[in-house]
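Please examine the structure shown below. The briefing that follows is arranged by topic.

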Amino acid sequence: MVKYSAPGKVFLFGEHAVVYGKRAIACAIDLRTTVEITSSRQGVRIQSAFKDEPDKNQYIKVALKKFQRFASVDGINISVSSKIPVASGLGSSAAVTIATIAALNDEFQTNLSLEEIAAMGHQTELEVQGAASPTDTFVSTMGGTVIVPDKKKLPPITCGVVVGYTGISKSTSRMVSRVRTLKERYPEIIDGIMDCIGNMSTRGEELVAKNDYKSIGELMNVNQGLLDAIGVSIPELSVQVNAARSCGAYGAKITGAGGGGCMVALCEPDKCREIATAIGKSCGDSFITKPTAEGVRRE
């Protein structure tokens, strides 16, 4: 029996723009999905926390198919549990994919490196979603704060992190497709927005190195405005973002593809509870989390 877990993530900058090769900054958070593999005499069986979201099991099935290049996989039970809300923008699909591949790697002694696990995870998401950046799978594998496509580790985030959850499920592939359609109709406008979002990540790299969370928050607010402009925000997310800002967050924005899911606020650590309460009263739910330096790990 082997058991591995992988973390979710929040975006500081870069959603949607990263799909077009622009820079993005994301941070692993201490919410994890766990995959346990045990031997079985009945082929491959999946017992998943995502039973109410059957499409999520596609990530496990595609990861299994890709892993077959390295070992013949048969006679195993795969059991999944998760503390990451599904379809929330917190990287639940990447976490289950990476934890699955890492557990298979250990169970079948294939000696894949972390870089190879991350790459296989990205290819899995590409096949399932049709379009995906390497951000979620790389952060879930490596942990910490990362800028992509550079795949460079940045200093850890040390301020408070609060997440608002609308409770509204969203489809990453559908939101990516919607933005792509807008980009095809108005390339001279949308290309400029994507460039601007990518430039924020470049500037953000400097600010993370300085622990300048006030400036990071200001740029997060600008990034939120641009995400709103391309149509991926919804009223519930806007209400949560405004509630966090009104209580003194450095900045607040969508995390992930939008259309529902979650937002993230950075703040002084002693303001986390106040901001979480304000978000929860405004709409949906909220929770306080923290960054984690740990990526995928054996449990």
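**Aromatic cluster**

Phe 67, Phe 70 and Phe 108 form one aromatic cluster in this predicted model. Rings of Phe, Tyr and Trp (its six-membered ring) pair if their centres lie within 6.5 Å; planes under 30 degrees apart count as stacked, over 60 as edge-to-face and the rest as tilted. The structure holds three aromatic pairs.

- The pair of Phe 67 and Phe 70 is tilted, because the ring centres are 6.4 Å apart and the planes stand at 45°.
- Phe 67 and Phe 108 also form a tilted pair, with 6.2 Å from centre to centre and 55° between the planes.
- Phe 67 belongs to helix H1 and Phe 108 to the loop between H2 and H3, so this pair ties together parts that are 41 residues apart in sequence.
- Phe 67 is buried, with a relative accessible area of 0%; buried means under 20%, exposed over 50% and partly exposed in between, for a 1.4 Å probe and protein chains only.
- Phe 70 is partly exposed at 39%, and Phe 108 is partly exposed at 22%.

**Basis of the description**

- Residues are numbered from 1 along each chain as its sequence is written, and side-chain values use heavy atoms, without hydrogens and water.
- Local features need pLDDT of at least 70 and side-chain atom pairs count only at pLDDT 80 or more, whereas totals for chains, interfaces and linings use all residues.
- Helices (H or I, at least four residues) and strands (E, at least two) are DSSP runs, numbered from the N terminus.

**Helix H3**

- Helix H3 covers residues 114–129, and Gly 130, whose phi is positive, near 90°, follows H3.
- The buried residues of H3 include Ile 117, Met 120 and His 122.
- These buried residues of H3 pack against helices H1, H2, H4 and H5, where contact means heavy atoms within 4.5 Å.

**The open sheet**

- Four strands form an open sheet in the order S8-S9-S7-S10, with antiparallel pairing; two strands pair if DSSP finds at least two bridges between them.
- The edge strands are S8 (251–255) and S10 (285–289), each of which pairs on one side only.
- Strands S7 (residues 160–165) and S9 (residues 262–267) are joined in the antiparallel sense over six bridges, and Cys 262 in S9 is the bridge partner of Tyr 165.
- Helix H7 (residues 213–229) packs on the sheet and touches S8 and S9.
- Helix H8 (residues 235–246) also packs on the sheet, touching S7, S8, S9 and S10.

Note on methods
Expected span 1.5 Å × (residues − 1). Axes fitted to C-alpha atoms, helices over the stretch in contact; angles between N-to-C directions.
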